[in-house]
Amino acid sequence: MEELISVLMTTYNEKTEWIKESLDSLIAQTYTNIEIIIVVDKPDETSIVNLLREYERNYKQIKVIINKNNIGLASSLNKAFEISTGMYIARMDADDISESNRLEKQIKLLKENPRAQLISTRCKYIDEEGLLLGEQSIKYKSYFQINRGLKYINFLIHPSWLMRRKVFLQLNGYREFECSQDYDFLLRMVSNNLNIMLCDEYLIRYRVRTNSLSSSRGFKQYLIAKYIRFLYKERLKTGKDSFSIENLNSFLRKNKYQEKINDYNNYSKRFMDLRAANTKFQKLKQAIQCMVVSKYSRNLLVNSILFKINTKI
């Protein structure tokens, strides 16, 4: 008999049509022995609650949990895991779409590669209307290359994960970050010598939402990712890190989170212009500007270069 896969999802403010597409893509999986656990983290969204209750009534593999109040993504995912029973744990976001053979291919790869503890896949990017924007350019990487690359950039798509249950237990789930919980999870896997695999197929359609690119959130993600890398370096030196909400907030204050949002937005745009440049001359021009105008654009560029160097085949 096929081993059970528990799919962990949360909802907050997604459009109901996106949630339908997401759930329907899971229900249509060629690997059928799954349970789908959905945590509603914004209980006053009655249209979402009503939709999910209808799915729960119609599909026995769906379980819905309604939070009493907003507790955030990390706590909601941990809550979903607590009632899960699968030998394997998959992630999925309520606005993304899984290809019908996603879970079948991933679990086959995990079984064929016993050293691998978590497998992520490449993605295609879609807009809010479901139209194709592009494809993730990252290609196959070895365990070693993935571990080295993650020290600089989080390039793995969170809602594409499938992992062995024991990994989630060993790491005690997600930690209380407002964002980038997945990056912290992955770097803690690296610290524990747990191998991560990247499937070289496009098995998920990742929706890019306009409200996910807000100016203040972008800077906070930048700083929290920086803090997560700091914690990783602590573990390298001492075997443990100093994570706490108090220390995280202190780090954000030290880096002038509230005061420097506009500076970050202005200068990080230089890095985005570099990525969009079409000619070598334009790329060189933008790279020089990134290096000299601000520490933010410089750090983004340096991490990108180090990532490429450390993952080059």
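Two strands are counted as a pair if DSSP finds at least two bridges between them. In this predicted model, strand β6 (residues 116-126) and strand β7 (residues 132-135) pair in the antiparallel sense over three bridges, and Tyr125 has Gly134 of β7 as its bridge partner. Five residues lie between the strands of this hairpin, where Gly130 takes a positive phi near 85°.

## Nonpolar cores

The largest nonpolar core holds 56 residues, of which Leu150, Leu156, Phe185, Met189 and Ile196 touch the most other members. Helix α8 (residues 215-238) supplies the largest share of this core, with nine residues. A second, separate core of 35 residues includes Ile5, Leu23, Leu51 and Ala116.

When neighbours within four places in sequence are left aside, the contacts of Ile196 include Leu118, Tyr143, Ile146 and Asn147, together with Leu150, Leu156, Leu186, Met189 and Val190.

## The buried face of helix α4

In helix α4 (residues 102-112), the buried residues are Arg102, Leu103, Gln106, Ile107 and Leu110. Viewed down the axis of α4, these buried residues fall within an arc of 110°, and they therefore line one face of the helix.

## Packing of α10 against α12

Helix α10 (residues 261-276) packs with helix α12 (residues 295-311) at an angle of about 35°, the axes being 7 Å apart, and α10 passes α12 in a right-handed crossing. On the α10 side the contact is made by Asp263, Tyr264, Tyr267, Ser268, Arg270, Phe271 and Leu274, while α12 contributes Tyr296, Ser297, Leu300, Leu301 and Ser304.

Technical notes. Residues are numbered from 1 along each chain as its sequence is written. This is a predicted model: local features need pLDDT of at least 70, side-chain atom pairs count only at pLDDT 80 or more; totals for chains, interfaces and linings use all residues. Side-chain values use heavy atoms; hydrogens and water are left out. A nonpolar core is a set of buried Ala, Val, Leu, Ile, Met, Phe, Trp, Tyr and Cys residues joined through side-chain atoms within 4.5 Å. Buried means under 20% relative accessible area, exposed over 50%, partly exposed in between (1.4 Å probe, protein chains only). Helices (H or I, at least four residues) and strands (E, at least two) are DSSP runs, numbered from the N terminus. Contact means heavy atoms within 4.5 Å. The arc is that of the directions from the helix axis to the C-beta atoms. Axes are lines fitted to C-alpha atoms, for helices over the stretch in contact, and angles run from 0 to 180 degrees between N-to-C directions. A crossing is left-handed if the near helix is turned anticlockwise from the far one by less than a right angle, and right-handed if clockwise.
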